[in-house]
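We will go from stop to stop, with something to select at each one.

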Amino acid sequence: MDGEMTMDATVAGLLRQRWGVTLTGTILPRFAEPGWSYDEEVPSACPTCATRLHALRRPYESAGRVYRYVALVCPGCPAAYTLADLGLKTYAQLTAANGRGASDVSSRGGSATTVVVVPAARSPRPAWPGDLPPLGEPEQRALLWCKVTDPAWRPPEDAVAAADDVRVILPAGAAFDPLRDRLTALGLPFRSAAYWVEAEQVGTVGDMGGRTDLVAHPTRTTGATAAPVAGPGAHAARDSFAAQWDALEEPPEAAREGEGGSAAESAAYTPVTELVPSDWAALLPHPTFNPAQSAAVPEVMRDDTHLLVVAPTGAGKTPIGMVAALKAHAAGRKAAWLVPQRSLTDELDRELALWRDHGLSVVRLTGEFAVDAEQIRTADLWVATTEKFESICRAGSLRDALAEVSCLVVDEIHLLGDPSRGALLEALLTRVREDTAGVRIVGLSATAANADAVADWLGARLVRTPWRPTRLTWQLPVLPTADAPDWNARAAVRTQAAVSLTRSVSEDGGSVLVFCGSKRRVRATALALAADRGVPTARVDADDAEAVERLCTKAGVRLHYRDWPFKREAEQAFRSREADVLVATSTVAAGVNLPARAVIVSDTTIGLDRMEVSMVQQMFGRAGRVGAGEREGWAFLLTDETDRSEWQARLAAGYTVTSRLDDRLPDHLLAEAVQGRLSSLADAEEWWGRSFAMHQGHDSVDPVHEAAGFLLTSGHLHGRGEGRWEPTALGKLTSRFMVDTDPAHALAEALRRAPVPESPEDAEDVLAALLSIHLPVLEEAPFTDRARRALLQALRGGGRADAEPVDEPADEEAKPVAGDLARAVLLLVAHSPHLFRGRSGYVLGIPVESMTNVLEEARRYLAWLGAQGPLDAVHPWIGVVASDLAQRIRWRALGPTRGAGRLLWMCERMATPPLAPHLVPRLWRAARDRGITSPDWPGTTPPRDCALPPDQYRALLAERATHTTPDPEAEGCGAVVFTRGDRMASGWLAAYNAIGN
């Protein structure tokens with residue numbers, strides 16, 4: 001219709017016919033006059049909703065010359081603007097703003113003065129994100145696609161007559177039977193879904209039958225009409241509808257023969273002995289392979305080429321990985337299975353119990369479990385987190401065992417694109433895929449839109465299957481608009497929507513998983529669900545874990561997040577259906593197998609960061625898992641008008657894996673140098689050329705040069721001339737401890753500039769303060785409101801539990817800043833260690849597990865600082881105090897006081913790493929019962945619980961600094977003598993020689 005007069009050629013008429021929207025507000029007479037026509041889309045966005053504007057023109061004559069009025073209209077609001085509203089005087093300025101040539105005013109008709117018609121104020125939509133698909137080709141089909149939630153709705157007859165593609169999605173249930181009858185009579189295709197709550201009309205046909213540009217008309221869950229969406233948002237709505245329509249195909253009737261399935265469905269399952277050796281059958285979880293496994297297993301068995309298997313969550317990828325590991329074992333080689341989280345090692349370890357029963361050696365490698373090196377060498381299969389496997393790669397003592405690994409199974413390989421884990425995984429795979437020993441990579445993924453690109457980089461065959469044992473229906477209901485700046489109001493809207501959806505599913509006998517973006521939201525949502533079920537929660541403190549657990553348990557609602565004290569009980573209760581609702585953070589999506597009938601993703605952010613679409617897809621995948629007896633699954637992502645279109649686009653397009661190596665490039669460049677793989681810039685450039693980053697087009701080597709320059713100036717590498725280098729002792733230490741080079745260097749520099757403390761108390765305070773400032777995990781540590789109050793009081797008391805309460809300062813400058821809460825935690829361990837003694841779940845009313853991330857991150861960097869003492873890379877006071885504090889943090893449950901680090905070091909060495917969790921407390925208590933305060937005892941007879949053989953025990957005694965004599969007259973803090981693992985100091989540092997010094 002471009003440039004043509006239409007039957008209703010007013011501004012409002014053109015908006016209605018082209019986009020199916022109604023102009024609101026005051027309509028000026030000129031806008032109501034005929035003669036307007038569509039001109040073009042212009043390079044400017046609506047100031048209200050950021051949708052691209054369109055120009056309408058109407059000719060008029062003045063002084064014998066023809067000009068044209070201009071109306072700049074937004075179909076999204078809908079609204080009309082003048083050039084002046086956009087700060088422009090001529091139409092030529094508008095077109096030139098995007099780099100287009102300016103037209104002569106007389107030929108374009110000049111500028112006109114029109115009046116803007118602005119609807120009621122709305123929250124503006126942000127500009128279309130650059131990481132989403134841009135606006136595609138104009139939709140040529142005459143579409144009328146409707147998602148309906150009103151049983152009284154009927155398809156508009158004129159629109160149906162004009163459309164050549166009509167589809168309707170509507171709720172199941174008797175209330176909608178008349179509508180289904182009507183659609184059937186009209187011959188219109190429709191699909192029904194239980195728990196359907198999303199209403200939207202997408203199309204290129206207006207209700208009166210006129211053609212329009214593609215436009216979407218969503219409706220809020222309250223029934224109120226939301227703002228129309230045009231441009232890329234409308235294309236996203238169309239693609240989302242298409243994906244939802246396809247997902248509503250009839251599900252398989254049964255999973256296996258004997259469960260009521262048809263003969264054809266049973267035939268899709270293949271006996272395992274048809275695809276693998278018969279003696280493997282006893283090691284696999286089921287006697288048959290499902291269709292997804294039946295497609296992948298032959299590819300696993302064909303040869304030893306790298307393989308990438310992409311199948312939906314719930315399709316059963318674990319047996320595929322098992323077959324790959326068994327193939328390596330049958331060839332007399334080892335296999336390693338990498339998982340992204342410790343909790344996933346729990347799941348996999350349980351599934352591999354059958355292997356142990358049949359005599360195979362399976363060793364579990366995570367930060368929580370220390371394993372003897374000999375066990376690692378003799379194991380048939382390693383189950384490891386990516387971080388732990390990388391630490392083994394960096395440990396030269398186990399390189400002989402690594403050489404025996406011929407198969408690397410990588411679970412969740414799409415996490416190559418994860419902001420926190422992706423760089424490490426990419427560096428590891430870059431190394432492994434070029435390994436001359438021929439390690440086979442078998443990647444498993446539930447979601448990767450660009451799986452072909454990942455497979456091409458790996459040099460792998462791609463096996464992609466859409467098969468899923470259950471049907472998954474997902475929706476994005478539009479939430480009512482809340483006051484944008486009011487976080488509590490927005491959260492309350494989401495909570496109420498989650499409560500309403502949970503009620504509809506649970507009343508039908510279904511189980512529900514509700515995912516929230518923070519621990520605070522988990523507790524608030526769980527309490528709201530309990531209140532909806534009749535449990536009084538009005539006066540409950542959401543930070544009181546025991547009260548929240550008690551009340552929610554009464555309502556059949558459980559909570560789960562990493563440091564929730566009752567998470568294990570929650571898992572068991574939800575598995576047994578003692579509880580039918582579980583409210584959790586993302587840990588359940590990626591780490592714990594707890595399927596349900598319905599999944600509700602209540603938040604689209606985790607903390608302040610937007611949730612990755614891969615995480616949302618994993619959450620959705622928990623809906624309708626066969627293991628929970630559910631044949632269908634329903635998933636809901638709660639969105640508002642400002643971000644719904646973007647989420648429609650993301651879910652329709654899928655998760656695209658993007659390299660993150662550049663985010664941590666110095667760390668991984670250093671790791672390769674320490675392992676002897678890189679010794680020059682040329683080597684580094686070649687290594688970068690093999691990375692996924694380069695494969696995706698990051699072909700500049702500038703990042704490599706910058707990273708190498710940083711490592712040289714920070715003392716991690718030593719230049720040898722002509723662009724060659726070698727790792728320094730500090731570089732080797734940094735790589736072995738796997739600390740991030742950037743914050744580590746900043747921390748070391750801050751300590752170098754700090755004045756030498758004058759007492760142990762000052763030294764510990766300085767370390768706590770600088771750690772909390774320079775380590776992001778500490779600086780950004782989240783705590784509940786109750787914990788904040790307790791920690792701030794502890795901070796004002798210097799970390800001493802017996803300090804007199806101090807009033808909160810009125811001065812703004814004296815109020816807490818980022819990192820202060822983590823600093824308070826460290827000071828409590830340093831100055832009030834008795835609070836942590838035993839297995840109490842609380843310290844000052846704060847769950848101990850909520851402090852775990854802070855303490856473990858601080859311990860890692862303190863141990864790194866302490867290990868620099870013998871290298872003379874830090875001031876001696878830093879090496880002594882950091883080492884002592886690191887040991888006291890690790891063994892905080894023993895309540896060790898200042899100076900206990902040396903004795904704890906000795907207990908650790910006598911216990912050996914695998915037995916340390918069990919033996920160190922016994923050795924410690926035995927020593928303390930005898931009044932022993934340091935490892936400086938006489939004699940060579942090992943203590944009763946020492947796990948070392950006599951010769952190794954005598955060698956350990958020789959490592960002690962017991963007989964050294966540091967200069968007692970040294971100025972300042974004193975002098976220190978370091979041995980291989982011990983030290984002895986004078987001056988005020990002598991307080992760290994023994995307990996009570």
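Before the first selection, one term: a residue is buried when its relative accessible area is under 20%, exposed when over 50%, and partly exposed in between, using a 1.4 Å probe and protein chains only. The model is predicted, so local features need pLDDT of at least 70 and side-chain atom pairs count only at pLDDT 80 or more, while totals for chains, interfaces and linings use all residues. Residues are numbered from 1 along each chain as its sequence is written, and side-chain values use heavy atoms, leaving out hydrogens and water.

**The whole chain**

Show the cartoon first: the chain holds 39 helices and 32 strands. These are DSSP runs numbered from the N terminus, with helices being H or I of at least four residues and strands E of at least two. Of the 997 residues, 54% count as buried.

**Stop 1: helix α19**

Select residues 519-532. This is α19, with 14 residues, and it reaches 20 Å from first C-alpha to last, close to the 20 Å expected at 1.5 Å a residue. That expected span is 1.5 Å times one less than the number of residues. Which residues of α19 are buried? They are Arg-521, Val-522, Arg-523, Thr-525, Ala-526, Leu-527, Leu-529 and Ala-530. Just after the helix, click Gly-534, which takes a positive phi of about 95°.

**Stop 2: Glu-426**

Next, pick Glu-426 in helix α16. Is Glu-426 buried or exposed? It is buried, with a relative accessible area of 0%. Show its contacts, meaning heavy atoms within 4.5 Å. Not counting residues up to four places away in sequence, Glu-426 touches Leu-416, Trp-457, Ser-659, Arg-660, Leu-661, Ser-691, Phe-692 and Ala-693. Leu-661 is 235 residues away in sequence, yet the two C-alpha atoms are 6.6 Å apart.

**Stop 3: the largest cavity**

On a 1 Å grid over the protein atoms alone, a cavity is a set of points where a 1.4 Å probe fits but cannot get out, and lining residues have an atom within 4 Å of a point. The largest has about 80 Å³ of space, where volume is the space filled by probe spheres set on the points, and points are joined across faces, edges and corners. Select the lining: Leu-338, Val-339, Pro-340, Thr-386, Glu-387, Val-410, Asp-411, Glu-412, Leu-415, Arg-421, Leu-424 and Leu-425.

**Stop 4**

Finally, select residues 820-831, which form the 12-residue helix α34. Here 11 of the 12 residues are buried, so α34 is largely enclosed by the rest of the structure. Its cover includes α31 (760-774), α32 (776-779), α33 (785-796), α35 (852-867) and α36 (876-890). Move on to His-834, in the loop between α34 and β29 (842-843). At 43% relative accessibility, His-834 counts as partly exposed. Last, draw a distance from His-834 to Gly-895: they are 61 residues apart along the chain, and their C-alpha atoms are separated by 4.9 Å.

Key. 1 Å grid on protein atoms, 1.4 Å probe; cavity = no way out; pocket = protein on both sides within 12 Å on 5 of 7 lines; lining within 4 Å.
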